[in-house]
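Here is a colleague's note for someone opening this entry for the first time. Please keep the model in view while reading the points below.

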Amino acid sequence: MGLRDRVAGWLGLDGELARYVSGARINRSMPEVLDNKKLFRIGDYQLTSVDVLVIVSAIAMMVILDQFVRRSKMGRGIRATAQDPETAALMGVNATRSVQLTFLLGGLMAGAAAFLYMLKIETTKFDVGFLLGVKAFTAAVLGGIGNLRGALLGGLILGVAENWGSALFGTEWRDVVAFVILVVILLFRPSGLLGESLGKARA
C-alpha cells in the first residue's frame with residue numbers, strides 16, 4: 001500500500017477515490033463532434049475537414065489576439081504593464097486588472113487550443129499537457145519572451161523543426177529536437193529571434 005492509499009484510508013476516502021484513482025492513467029477519448037471528411041491531398045498528406053478547421057481557427061486566434069493586444073486600449077494596458085508596471089500605473093493603467101485580463105486571455109486561448117488538439121488527436125490523459133507546456137515555453141523562448149509575434153513565429157518554427165527532425169531521425173526523436181532547440185537558443189541567443197526588436201520597443 002502506497003502513501004496515497006494510506007492517506008486516502010486515514011481520511012476515509014479510499015472507497016470514493018478508488019474508481020477515480022484506478023482509471024486516472026487511462027487514455028480518455030473525446031466524443032465525435034465533427035464529421036472528419038477527407039477533402040484533398042497535398043503531396044502524400046490527406047487533408048481533412050478537421051485539419052482545415054484547426055488551421056483556420058489557429059490563424060484566426062493568432063490574428064485576433066495580436067490585433068487586440070496591439071490596437072485596443074486594454075491591450076495597450078497589458079503591454080504597458082508588462083514593460084513597466086509603475087510607469088503604467090502613473091499613466092492611469094490599472095495593473096491588477098491588466099494582469100487579471102492577461103490570465104483570462106491566456107486561459108481562453110489555452111482552452112481553445114486544447115479543444116482543437118482534442119479534435120485532431122481525439123485522446124488525452126492526465127499528463128498530456130506537461131510536454132505541450134514545455135514546448136510552448138520553448139516556442140516563447142525561441143521567438144523572444146514577452147514578444148507576442150515572436151511566440152507565434154517560435155511556435156511555427158518549432159513545429160516545422162519537430163516534423164523535419166521526425167522525418168530525418170525518426171518519430172522517437174521528435175521531442176529531442178524540441179529540447180535541443182531550447183538548449184541552443186538559451187546558449188546562443190537567450191533573447192530569442194525577435195528579442196532585439198522588443199528591446200528597441202522598450203527603449
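**Notes on the predicted model**

1. Strands β2 and β3 make a hairpin in which 2 residues lie between them, and glycine 43 in the turn has a positive phi of about 65°. The two strands run antiparallel and are joined by 4 bridges, where pairing requires that DSSP finds at least two bridges between two strands. Within this pairing, arginine 41 stands opposite glutamine 46 of β3.

2. A word on the basis of these remarks: the model is predicted, so that local features need pLDDT of at least 70 and side-chain atom pairs count only at pLDDT 80 or more, while totals for chains, interfaces and linings use all residues. Residues are numbered from 1 along each chain as its sequence is written, and side-chain values use heavy atoms, with hydrogens and water left out.

3. The protein chain has 10 helices and 4 strands, these being DSSP runs numbered from the N terminus (helices H or I of at least four residues, strands E of at least two). With a radius of gyration of 21 Å, well over the 17 Å that the globule rule gives for 203 residues, the protein chain is more spread out than a compact globule; the radius is taken over C-alpha atoms, and the rule is 2.2 Å times the number of residues to the power 0.38. Along its principal axes, the C-alpha trace spans about 60 × 55 × 40 Å. Buried residues make up 23% of the 203 residues, where buried means under 20% relative accessible area, exposed over 50% and partly exposed in between (1.4 Å probe, protein chains only).

4. Leucine 39 belongs to strand β2, which covers residues 38–42, and is partly exposed at a relative accessible area of 44%. Beyond its neighbours within four places in sequence, leucine 39 is in contact (heavy atoms within 4.5 Å) with Gln46, Leu47, Thr48, Ser49 and Val52. The C-alpha atoms of leucine 39 and valine 52 are separated by 9.1 Å, the two residues being 13 residues apart along the chain.

5. Helix α3 (residues 49–71) has 23 residues and reaches 32 Å from its first C-alpha to its last, close to the 33 Å expected at 1.5 Å a residue, a span worked out as 1.5 Å times one less than the number of residues. Its buried residues are Ser49, Val50, Asp51, Ser57, Leu65, Asp66 and Val69, and what covers them includes β2, β3, α4, α6 and α8.

6. Which side chain meets that of arginine 70 in a salt bridge? The partner is aspartate 66, at 3.3 Å from N to O, a salt bridge being a side-chain nitrogen of Lys or Arg within 4 Å of a carboxyl oxygen of Asp or Glu. Both residues lie in helix α3, 4 residues apart, which is about one turn of the helix. Aspartate 66 is buried, with a relative accessible area of 6%, whereas arginine 70 is partly exposed at 36%.

7. A search of the whole structure finds 6 salt bridges, and a network of them links Lys135, Glu162, Arg174 and Asp175. Glutamate 162 forms a salt bridge with lysine 135, the closest N and O atoms being 2.9 Å apart. Glutamate 162 lies in helix α8 and lysine 135 in helix α7 (residues 128–143), so the pair ties together parts that are 27 residues apart in sequence. The side chain of glutamate 162 also meets that of arginine 174 in a salt bridge (3.5 Å, N to O).
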